[in-house]
Every structure is written in C-alpha cells, then in structure tokens.
Amino acid sequence: MEGNQIKQRENWGSRIGFLMAAAGSAVGLGNIWRFPYTAGENGGGAFVIIYTIFALIIGISIMLAEFTVGRRTSLSAVGAYKSYSKKWTFAGALGVLSAFFIMGFYPVVGGWSLAYVFKSFSGLLANPEAIGTTFEAFMSNPIQPIIWMIIYLALNVIIVAKGISGGIEKAGKVLMPTLFVLLIFISIRSISLPGASAGLEFLFKPDWSKVNGATILAALGQAFFSLSLGMGCMITYGSYLSKSENLPSNATIVTILDTCIAILAGIAIFPGVFAFGLEPTAGPGLVFVVVPSVFAELGGAGVLFSVVFFIAFTVAALTSSVSLLEVVTSYLIDQKNVPRKTGVTSASIIMIATSILSSLSLGVMSGFKIFGAGIFDFLDILTDKIFLAIGGMFIAIFTGWVIKKEDLKEETTNGGKLKFSLFEAWYFLLKYVIPILIFFVALMGIFAIEQ
Ligand code: PFF
C-alpha cells in the first residue's frame, strides 16, 4: 500500500467517541426531516420496507467498505483512492463535490431548525391553525432564513476548526443520546393522539401498487443520504480510526441505529399528520408543521417540549453537517496542504454563497429553474438521486476490484485478530451484486422520473 504518511494521524479519543461521531454524521436531517416526507411522497409502507432492506444490505456493506478504505490508507477520500491508483482520483473528487452540493442546501434546513427553537417560545404554538402558513411564509422570506442559515453555518465552522476530537467528538457524545430519548417521548405522545392509528398504518402497511422505479431509486438515495455514504464521508471518519477497532461491528451498529432513528421519526410524525388532517405528501415542511402542532395541544409544557425538540434536531443536523464540512476540509488539508483553519474558512464561504441561492429559490427566486427544478431542489435531487448512488457504486467497485482481497481481509479482521465470518458474503456483494444493483436501480429510477 502506497499511502504512507509520515505524520502521526489524529485519532478518535475513544471507541464510544468514534461510534457517536459516525452515528452523529449518519443521524441528521436525513432521518428526521427527509425520511418522513420522502416516505410520505412515496406511498408510505412499501417505501419504508424497501428503504430498510437497502439500508441493511447495501448500507452496512458500503459503510464497512468506506471504513476499511479510510483506515487502511489513513487518508480522506481523494487521497485514499489516489494512493491505490491515480485513475481513481475522480471518484474521491466526486465525493468532495457531493459534499459541496449537499452543503449548498443542508445549512438552509439547519437554519430553519435553529429558527424554530426561537419561534417555539415566541408564540408559534399559540395559534395552531396558523402553524402551516407560518412555515410557508418563513421559508420563502428573502432575509430571515438566510440569517439563521449563516448562524448555523458559523457553528459548523467553529466545531470543525477545533479539529476532530476536540469539537466533533464532544458534541456527538453528549447530544446524540438526548435526541434519542426525545424522539421516543414524542413518538409516545404522537401515538396517543386520536386518529393516530391511520398514521401507523400508512407507515407500516405496504401498498405495493404505488411502487415504481422512481420509488426504488428514492429509497436507495435516501439510504445513502441518511447513512452518509457514497461520498467518502465514512472514508474520512474511518481514516481517524484506531487499528484495534472492530470495523464490521461498528458499521453494523451505526447502520442499525440510523435506521431505527429514521423509523422512530416516522412514528413521531405520521400519527400527527393524520390526526391533524395534514397531507403525508406535504413535502419538506412536514416536520416543521407537525411537531409544533403536536405540542400546541399541551399548553406551556408544549412550548418547552417544542424548544427542546428543535434544539435536539439542530444538534442532530450539526453533527451531520460538520462531517460534510470535514470531508471538504480534510481534502484541502491532505491534498492541498492548507492549515485546518484556512481550509474550513474557504470551504464555508462557498457554502454560504450556494446556500443563499438555495434559500432564495424557495421564495423570490422560485422562477429560476435548472432542469425544471429550483436551486434547492436541484442540489437535493442531484446529490441524493445521482451522485451518492454513483459514489456508492464506485466505492463497491473499487473495494471489490482494485484493492487486493487479502488486504481487505487483513484490514477487516485487524490482521487476523478478529473473526469476520461474513467476509466472503460481504466481498461477493461488493464485487458483483451491489454495483449491478445500483446500476439498474439508477437506470430504472431515472427512466421513471423522465416519464
Ligand atoms: N447523513 C446525514 C443525514 O441523514 O442528515 C446527511 C449526510 C451527512 C449525507 C454526511 C452525506 C454525508 F456525507
């Protein structure tokens, strides 16, 4: 292996620290904001089943592949690919580009969430009928969401500038468990609403007649997005991982946790959607309308719960977006030799500019379209449905065909010290099944969207 580094690479402080940071990257807006409304737009139960199967089979395999490549090379995405073969540099570069694109809309939603912490205690819940229109008005306002987005992005910069174990790890360790407990609480409250059962039925009872190529691609894209896969993020995180960690078990734990949280978010949201007579297909505003509506019924306590929910939601978003920013930053540090602070600052300036355009595309600039979509939607569709899936296919091909099988075996078993009994199955999936599957799902999906 050529990726020899002279400098000793920074390491995660502890096992639980790494797990929390990787889970922190995975659990974010993807689970709590995107999963419920994507499930809503794609018919509910059947989408949830397809999504779960993709997450468990393709997700765990690709996550393990990314951890393995990252730790083996001790390099972030571009360098990791390049250290094996110069020809593969493009695959890493595609990942950095995906991070840039996702960071062109993610901070906008992060900013909404931050704003909702304050809106929750400044009268939002007092008038339940107006919660929906308040969101619409806020989202399309040309100034307010941009200010919140900039504050949100500034928080990211502060965390990433502090370096890997100083900032990201500490934030994840404290706040991820808080989020989990809160979601369980909201789910219990939501299920006990009158009319809640229709929501559970929507979420868990599959209606296969609604499934087409576009649904399957949406499920695949959502799985990659939610698990932070297909753009080298987990390669980068894996590069900071100590040689004694058990990679297969880490990949499995993170994937299962992420999937549970997405489904938990569904359980928290859909009973409320039906109980309040909202549309499951309402789109990106779903969580911002349903959660305050659920809490509005609880009076003063509701305000408090809503505040705490949006704090936890913001934190979940933060632990994900810092990983996106880290992908770009570590690329600049590893490949361009810039100091960490310079890397973070220059990357975030471009992200602010793109996010401003995205935010405006939901209001004053809504007439400006790229291939028929506003900038916000365009970046979302481009990354989620195309870049991440293709990135995932590349990492599978790269691990299956470029890296030597013995090297993979050595890395995943920590030089023979660990037992990884599913190694052959994993290798077979990566080498043959996953690349072909992704190729066909992407093709089918694009064809179905075209129609
Ligand atoms: N997984 C994050 C979420 O669910 O919100 C989003 C994300 C983070 C995607 C990092 C990709 C990534 F590399």
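The structure is a predicted model, in which local features need a pLDDT of at least 70, side-chain atom pairs count only at pLDDT 80 or more, and totals for chains, interfaces and linings use all residues. Residues are numbered from 1 along each chain as its sequence is written. Confidence is given as pLDDT, the predictor's own score for each residue, from 0 to 100. The chain averages a pLDDT of 90, and 94% of the residues score at least 70. The model as a whole has an ipTM of 0.99 and a pTM of 0.93.

Turning to the overall fold, the chain has 19 helices and zero strands. Both are DSSP runs numbered from the N terminus, with helices (H or I) of at least four residues and strands (E) of at least two. Along the principal axes, the C-alpha atoms fill a box of roughly 60 × 50 × 40 Å. Of the 451 residues, 55% are buried. A residue is called buried if 20 or more other C-beta atoms lie within 10 Å of its own, exposed if 12 or fewer, and partly exposed in between, with C-beta atoms placed from the backbone. Among contacts between residues at least 6 apart in sequence, 85% join residues at least 24 apart.

The ligand is surrounded by 15 residues, of which Gly 28, Gly 30, Ser 228, Cys 233 and Ser 320 are the closest. Helix 1 (15-26), helix 2 (29-41), helix 11 (213-226) and helix 15 (299-336) each give two or more residues to this shell. By residue class, the shell holds seven nonpolar, eight polar and no charged residues. In this scheme Ala, Val, Leu, Ile, Met, Phe, Trp, Tyr, Cys and Pro count as nonpolar, Asp, Glu, Lys and Arg as charged, and the others, Gly among them, as polar.

After helix 2 comes Gly 43, with a positive phi near 90°.

Which residues does Pro 280 touch? Leaving aside residues up to four places away in sequence, Pro 280 touches Gly 40, Gly 44, Phe 202, Phe 270 and Val 273. Pro 280 sits in the loop between helix 13 (247-275) and helix 14 (286-296), and counts as buried because it has 22 C-beta neighbours inside 10 Å.

Phe 67, in helix 3 (residues 45-73), is buried, with 26 C-beta neighbours inside 10 Å. Beyond four places in sequence, the partners that Phe 67 touches include Met 234, Leu 241 and Asn 250. Phe 67 and Asn 250 are 183 residues apart along the chain, and their C-alpha atoms are separated by 9.0 Å. Val 289, in helix 14, is also buried, with 21 such neighbours inside 10 Å. Val 289 touches Ile 131, Gly 132, Phe 135 and Leu 278, again not counting residues up to four places away.

Most residues other than glycine have a negative phi. Phe 371, in the loop between helix 16 (340-360) and helix 17 (375-402), has a positive phi near 45° and is exposed, with 8 C-beta neighbours inside 10 Å. Asn 414 has a positive phi of about 50° and lies in the loop between helix 18 (405-412) and helix 19 (423-450). With 15 C-beta neighbours inside 10 Å, Asn 414 is partly exposed.

Terms used
Near = placed C-beta within 6 Å. Contact = placed C-beta atoms within 7 Å.
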